[in-house]
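Subject: Structure handover

Hello,

I am passing the structure on to you. Please open it and read my notes alongside.

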Amino acid sequence: MLSEKLETAHGIYTQGEAPRNVSAEPKVEVRQLSAFYGKKQALYDIDLAIESNQVTAVIGPSGCGKSTLIRCLNRMHELVPDASVRGQVLLDGADIYGESLDPADIRRRIGMVFQKPNPFPNMSIADNVVAGLKLNGIRDKGRLEESAKRSLQRVYLWDEVKDELKRSGASLSGGQQQRLCIARALAIEPEVILMDEPCSALDPTATAKIEELITELKAQYTVVIVTHNMQQASRVADYTAFMYLGKLIEYDQTTAIFENPKEQLTERYITGKFG
Amino acid sequence: MKSRRFFMDKVLISLACLSVVIAIVPLASILYYVTVRGLPAINLDFFTKLPPIPVPGAVGGLGNAIQGTLILVGLAACIGLPFGVLSGVYISEYGRNFYGRTVRFLGDVLIGNPSIVVGILGFTLLVQPLHGDNLAAGVFALSVIMIPIVSITTAEALNLVPNSIREASAALGIRKWRTSLLVVSNAKSGVATGALLATARVMGESAPLILTIGISTQWYSGPTAPLASLTYYIYYFGTSGLQNWVDLAWGAAFLLIVMIIGINLAVRLLTRGRRAYA
């Protein structure tokens, strides 16, 4: 099943066609989502429609639940002991929390990039990129090499590492490691990419590269990025959601949020009155 | 000014150094005496011949005991290591719940369990029903001793692997069991260290062997027959009062120590230059 999906995805990519998901329906729709850590509630009845092939930013002060929210979008939240979720998350109209679904399948369709770059330290650069394919059972060497090359090219890392693909992924700089992690997420050809503060451990130059990359990725993927950096949200995002104390306060086009917020709380946050 | 603190500092450092010397003296003297008394007994006959008859001047070796120890420890490792590693994986990767914590607690208790008690277990389960000492009972006892050691050291090694690796793997849609293998491969030198140390530990066991595998003056003769071992021969020949037997017991002690030091050196080599959590 995965391989079929990869074939089509590769086909579309190599033909250089336009976005593969053009529809009026939201790619991901969050309905009445609440999340808990044990008895402690972290999210309260979130409703959010994430548009296909757009970048959606989630902003808000520390501890407001923005990381929890995106971790609910690919069922990573439930990996935390005692964590639980109530509500629905629809991917192309189907609930990812549906009874018969395997979280692993969901996570292949909705990839994730973490705050701290986390390449597999015992794998080479090339093996890191194709880890998702290999550990999901794809053995064809030519195909793996091709996928590694294409994914590294897509994050502009290929030219920097092409002569040392056998080196450990951990030997790269922080910014390169993060691009490696993005390449690793892209290699399994997900439909949605979640990024949890992907630049917070990086210097400004590396941050600029990643932001540029995010803007390019939306041609093919739906991107959701959590950031504590409002400038970053205004630079990369088409839509922005503002969260506070586990609630979604306001969600609109980024320009509207930053130039003409409807909620007083949003305005106070983006003008730096609290945070 | 030379203060009281300066004085206390010197006193405590001196005490610490003195303790080190006191701790090392017995260890060094054991190594010294075992080498001085045991090394002369080591020759080709020692490895290839059967034990001599109890007559002054009779010559022989402990070939059967060396063979027996290798077979016994080898088989015990074949059973104990897989069970130990897998239960360690369970404790660390799947056991974040009541069952996992219970297994972990039992493992800790079993590590402190006197090995003679395990010997009694082997005696009851395998010696009595088979009407006599036998290799299977010995293998059983030693693998029971190994399992909790390997299990706990494996769990500890896996616990040191950062959670970000598990998350990275899960986020790629990699299934739980495959993720667990990835975690193990990131901690393999830690897991191997535990396995080797547990092997070295049971190699030196003697109490459970007296109750299970017994002793034999012959070569290996089947899984349900008794079998010779170095540790039992150290006890048997060492307390015999016969000069040629006592000499062989020293030789056996020397060989055993060399083997255990060898395993520990292998551990050192394995863990040299390892990553913080490997």
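Below is what I found, chain by chain and then at the interface.

This is a predicted model, so start with confidence, as low pLDDT means that coordinates should not be read in detail. Chain A has a mean pLDDT of 88. In that chain, 91% of the residues reach 70 or more. Where pLDDT is low, predicted coordinates should not be read in detail.

Now chain B. It has 12 helices and 0 strands. From the N terminus on, its elements therefore read α-α-α-α-α-α-α-α-α-α-α-α under the DSSP assignment. Along the principal axes, the C-alpha atoms of chain B fill a box of roughly 70 × 70 × 30 Å. Chain B has 278 residues, and 42% of them are buried. Take the contacts in chain B between residues at least 6 apart in sequence: 73% of these join residues at least 24 apart.

Chain B is split into two domains. Domain 1 covers 4–41, and domain 2 covers 48–271. Their C-alpha centres lie 29 Å apart. The contact between them takes 6 residues from domain 1 of chain B and 7 residues from domain 2 of chain B. On the domain 1 side, the residues in this contact are 3 nonpolar, 2 polar and 1 charged.

One helix pair in chain B deserves a look. Helix α3 of chain B spans residues 63–94, and helix α6 of chain B spans residues 135–159. Their axes come within 6 Å. They cross at roughly 35°. The crossing of α3(B) past α6(B) is right-handed. By class, the contact of these two helices has 21 nonpolar, 10 polar and 1 charged residues.

Last, the interface. How many residues of chain A are in contact with chain B? Here 22 residues of chain A are in contact with 16 residues of chain B. On the chain A side, α3 (103–109), β6 (110–113) and α5 (131–134) each supply at least two residues. The largest share, 4 residues, comes from α3(A). By class, the side of chain A that touches chain B divides into 11 nonpolar, 6 polar and 5 charged residues.

Best wishes

Key
Residues numbered from 1 in each chain as written. Chains lettered and ligands numbered in written order. Predicted model: local features only at pLDDT ≥ 70, side-chain atom pairs only at ≥ 80, totals over all residues. Domains from an automatic or database assignment. Contact = placed C-beta atoms within 7 Å. Nonpolar A, V, L, I, M, F, W, Y, C, P; charged D, E, K, R; others polar. pLDDT = per-residue confidence, 0-100. Axes fitted to C-alpha atoms, helices over the stretch in contact; angles between N-to-C directions. Left-handed = near helix turned anticlockwise from the far one by under 90°. Buried ≥ 20, exposed ≤ 12 C-beta atoms within 10 Å, placed from the backbone.
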